[in-house]
Every structure is written in structure tokens, then in C-alpha cells.
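Please open the model in your viewer and keep the selection tool at hand.

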Amino acid sequence: KKLNVQLKTFREPATYWIGFNMEDAVLGKNKPLRLAMSYAFNREKYIELFWNNRDEVAHGFIPPVMKDYNPEVSKIGQSYNVQKALELVKEAEKIYGGKLPTLKLAMGGTDTLQRQFGQFLQRNFKDAGLDLEVEYMDWPTFLGKVHTKSVQMFSLGWIADYPDVETFLQLFYTKNISPGANNFNYSNPEFDKLYEQVAVIADSPERTELYRKMELVILEDCPAVFINHPVGYVLHHDWVYNYKPHTFQYGLSKYYRVDTVKRA
């Protein structure tokens, strides 16, 4: 404060999740099991412990900063409810035909933060009666396994390549299945039909409505546990003018102005 350092925050167009391999024999055909894991995960506690309460809870996969974000998804999307998770595990066991096996999660990192996250997940799932084994590996090995459909579950996320919701929707399109961007190996004819429909529609209220409908299709099928949307924090001196934090910073630095007299 004495140096007049400015703090600015901005929502990032990104979402992080625990993804399910929908071709996996245990997970793919057991929707109650996938839903149970979604209800078992305490997103608020995770953000408190790991991100100092800075990030936003993800109830769906479209970040709140995106123009076509559906504010109603916070009421109808994914949330934390251990009792509901316990009930769904019982349903899942009926479908599986007995006690569920230990689930396996691939983590693309071996550092302390990754291991603490893995332990947090294990504790959450344990509360719902689910056993989780976490495999920590280097990033290239992790990506190789994800792209070859060699994992049951995985920890990943997506940062928008461009400021349109389509950048997230492509992740669930059947033709993008691994080794493409659809690491969930998710396939739904209804979603595909809508995706091909919106791909040729210009920005409009009609397209926004379809985007939101597509998100609800995904939430109904639950190919992932959506966790958080990051919030960016930036510090800068007051002698830097024309600075506004923005995810898509391409070419904006030429507008910055430094007051050299004030800096001195």
C-alpha cells in the first residue's frame, strides 16, 4: 500500500475436473457410480485448502466469465452431498453386482501439491464408501496414457483457446475421442447432433440457448467431476498505466505506458 501497488483480479475462462474414461468397463455403464463421485467431492473445502478461497466452484464446465454461461447451473449442476453419494453407491453396487472395486486415478505430476490433492480425493471418496488408488506419474507419461485410453480416471482441465463456449463443447464431441481432445471418450448422439447444429450458427440468443442445453446433456451423463474455475490475481505498480488483466492478452502490451518519472 505504501508503494501504491495495485491488486486486480479477473475470472479465467478455465475449468478443472476429474475425468472418467467412459469406455472403462466399471465406470462407463454405471452412471450412479459417476454421480456418487461427483456428490462425494467437497469443492468448497478443496478451494479453501488448496487455493485460499480464491477460485469459484464449478457446477458445470462452462466458466462464469463466458458470455453464454448459464447462472442457473449453480442450482441444478454438480454439488457436494455425502448422503446422496452414499445412496448412489448402493445403486452402483447393484449395477456392478457386488462391492465396487478400488477405483484408479491417474495424476499428471509427482510433487507435494499433487500428492496432497490425491489424498484429499481419497478422503472424500472414502466418506462415500469408495476406495481410490492414485497413480502419480510425469506429465508425458500421463498424457500418453490418457490419449491411448489407458486410464480409468484422470485429473485435467481446459483453458479456453478463444472466447467462445465452443472451445469447451468440442471436448465432448464423439469425433474428438482420444487421442483427440475428448479424453473422456464420451459419446452421445443427441449432443453430437446439437454440436453440429451450433457449429454453423452465428452468435445469437438461439445459439446461447443451445449451448446451455448441451451443458445440461453433459451434466445428465456425468462424464466428469467438475471442480473449480480459477480466478487470476495480478499485482502491478501504479506507475504502469493502461493495464487491465485479461486472459487473452495477445498484443495488448503495446498499450501499456510506464511513467518513468513516477517510477524513479
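The tour goes through helix packing, then aromatic rings, and ends at a strand residue.

The model is a predicted one, in which local features need pLDDT of at least 70, side-chain atom pairs count only at pLDDT 80 or more, and totals for chains, interfaces and linings use all residues. Residues are numbered from 1 along each chain as its sequence is written, and side-chain values use heavy atoms, with hydrogens and water left out.

**Stop one: H1 and H4**

Select helix H1 (residues 31-40) together with helix H4 (residues 82-96), which pack at an angle of about 160° with their axes 8 Å apart; helices (H or I, at least four residues) and strands (E, at least two) are DSSP runs numbered from the N terminus, while axes are lines fitted to C-alpha atoms, for helices over the stretch in contact, and angles run from 0 to 180 degrees between N-to-C directions. That angle makes H1 roughly antiparallel to H4, a term for angles over 145 degrees, whereas those under 35 count as roughly parallel, 65 to 115 as roughly perpendicular and the rest as oblique. The crossing of H1 and H4 is left-handed, meaning that the near helix is turned anticlockwise from the far one by less than a right angle, with clockwise giving right-handed. Now show the side chains: Pro32, Leu33, Leu35, Ala36, Tyr39 and Ala40 of H1 meet Val82, Lys84, Ala85, Leu88, Val89, Glu91, Ala92 and Ile95 of H4, where contact means heavy atoms within 4.5 Å. By class, this contact of H1 with H4 has 12 nonpolar, no polar and two charged residues (Ala, Val, Leu, Ile, Met, Phe, Trp, Tyr, Cys and Pro count as nonpolar, Asp, Glu, Lys and Arg as charged, and the others, Gly among them, as polar).

**Stop two: H2 and H5**

Move on to H2 and H5, which pack at an angle of about 155° with their axes 12 Å apart. This makes H2 roughly antiparallel to H5, and H2 passes H5 in a right-handed crossing. In the contact, Lys45, Tyr46, Leu49 and Phe50 of H2 meet Leu113, Gln116, Phe117 and Phe120 of H5, and these residues divide into six nonpolar, one polar and one charged.

**Stop three: aromatic pairs**

How many aromatic pairs does the structure hold? There are 20, with rings of Phe, Tyr and Trp (its six-membered ring) pairing if their centres lie within 6.5 Å, and planes under 30 degrees apart counting as stacked, over 60 as edge-to-face and the rest as tilted. Tyr46 and Phe117 form a tilted pair, at 5.0 Å centre to centre and with 45° between the planes. Because Tyr46 lies in helix H2 (residues 43-51) and Phe117 in helix H5 (residues 112-127), the pair ties together parts that are 71 residues apart in sequence. Both Tyr46 and Phe117 are buried (under 20% relative accessible area, with exposed over 50% and partly exposed in between, for a 1.4 Å probe and protein chains only).

Select next Phe172 and Phe184, a stacked pair at 4.8 Å centre to centre with 10° between the planes. Both of these residues, Phe172 and Phe184, are buried.

**Last stop: Val57**

Finish at Val57, placed in strand S3 (residues 56-57). Not counting residues up to four places away in sequence, Val57 touches Arg43, Glu44, Ile47, Ile227 and His229.
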